[in-house]
Amino acid sequence: MVMPTAKPAPRYAEDSIRVLKGLEPVKQRPGMYTRTDNPLHIVQEVIDNAADEALAGHGRRIALTLHADGSVSVEDDGRGIPFGLHPEERVPVVEIVFTRLHAGGKFDKGAGGAYSFSGGLHGVGVSVTNALARRLEVTVYRDGQVARLAFAGGDVVEPLAVRERAAGERRQGTTVRVWPDTRYFDSAELPRGELLHLLRSKAVLMPGVTVTLALEKPGARDPETQTWLYKGGLRDYLRQSLACEPLIPLFEGEQYASGSEAENVAEGEGAAWCVAFTEDGSTLRESYVNLIPTVAGGTHESGLKDGLFAAVKGFCELHALMPKGVKLMPEDVFSRASFVLSAKVLDPQFQGQIKERLNSRDALRLVSNYVKPALELWLN
């Protein structure tokens, strides 16, 4: 009988260690950085950057176009991404933003930073979009000039070109056009319902900012266009979304720290909310942090629930409304509640890059401490 020859053990030496550089980690493990069922999240990263400009008070318009060739473009009228050389890296800043992980304008959260409140915290957002795109083009309008560059698979294929702004061209803003690479996604189609909800919610959370969606169709001369512009904010949105009439008037409010607040609360942090109680139908529960939708909730939602329960419990005890031996539970208060909550947190800590859940511990106390006294006043 011939004995099988033993396979030599795999060689393990210094050259066995591989260092992933640039955007390679994203291409190797895309699921660690984004949703891979469809490209919506990598498009949302571009939308979020445009929304951050509006949140910072520098833009009044966000326009998204679904092109007939499968690409998506996002246009804003913000300040425009800087395209001069980075003082340390000696590379155009706009190139760094799209090609380097953990590089961006959202890390400097202190006074004087470009973005005090934003959803960006990891500095990997649009670089992930670029890594998972077959092609990505950026055009920046800033300081009387127009800068353009293009990437393929995350690499620069058309280096930065800068020219003077022509007559009639817009003065400022950024346009990003992306062709998602279908190899990385289960489906190349953007879920239309989710996209519409995302754009509509941005308009709700930024009263006065116009959000548009244009849909190009092959053979059609003009695209189909939808526009959202809300002036009533959360109240209008919640009223329009409820399945039936609320039992009592809506409880709404907003409060932000003035700077002389308790420890661990920064100036400008706080929340806006609108709560409705209904007898029938499904409940609507939506929360956002710095305009980022947190579909899995988190500590800010827990703060809203905590504040509501504490206020109602205190009111019942004060007026002896509870029958003897009956204990009020949080679910008694919250089971038929619908709400829209928009929190502003200086340095939000999310669970993962897709930011579906807020984990910041201080956010629970922050929101609860504002909601509870407001509801106590409202009840009394």
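Student: Which helices and strands each supply at least two residues of the lining of the second largest pocket?

Tutor: First, a word on the model: it is predicted, so local features need pLDDT of at least 70 and side-chain atom pairs count only at pLDDT 80 or more, while totals for chains, interfaces and linings use all residues. Residues are numbered from 1 along each chain as its sequence is written, and side-chain values use heavy atoms, with hydrogens and water left out. A pocket here is an open set of points on a 1 Å grid over the protein atoms alone, where a 1.4 Å probe fits and protein lies on both sides within 12 Å along at least five of seven lines, and lining residues have an atom within 4 Å of a point. With helices (H or I, at least four residues) and strands (E, at least two) taken as DSSP runs numbered from the N terminus, the elements are H2 (40-55), H5 (192-205), H6 (233-241), E9 (251-256), E10 (270-277) and E13 (337-344).

Student: Which element gives the largest share of that lining?

Tutor: The lining has 23 residues, and Glu-254 and Tyr-256 are among those nearest the centre of the pocket. The largest share is four residues, and they come from E9.

Student: What is the volume of the second largest pocket?

Tutor: Its lining divides into 13 nonpolar, five polar and five charged residues (Ala, Val, Leu, Ile, Met, Phe, Trp, Tyr, Cys and Pro are nonpolar, Asp, Glu, Lys and Arg charged, the others polar, Gly among them). Grid points are joined across faces, edges and corners, and the volume is the space filled by probe spheres set on the points. For the second largest pocket this comes to about 440 Å³.

Student: Which strand runs parallel to E1?

Tutor: E1 has six residues, five of them buried. Its five bridges to E2 are antiparallel, and one of its residues, Thr-65, has Ser-73 of E2 as bridge partner. Parallel to E1, joined by six bridges, runs E7 (residues 210-215).

Student: Is His-67 buried or exposed?

Tutor: His-67 lies in the loop between E1 (61-66) and E2 (72-76), and the hairpin of these strands also has Gly-70 with a positive phi near 90°. Leaving aside residues up to four places away in sequence, His-67 touches Val-72, Ser-73, Arg-177 and Glu-216. With a relative accessible area of 14%, His-67 is buried.

Methods. Buried means under 20% relative accessible area, exposed over 50%, partly exposed in between (1.4 Å probe, protein chains only). Contact means heavy atoms within 4.5 Å. Two strands pair if DSSP finds at least two bridges between them.
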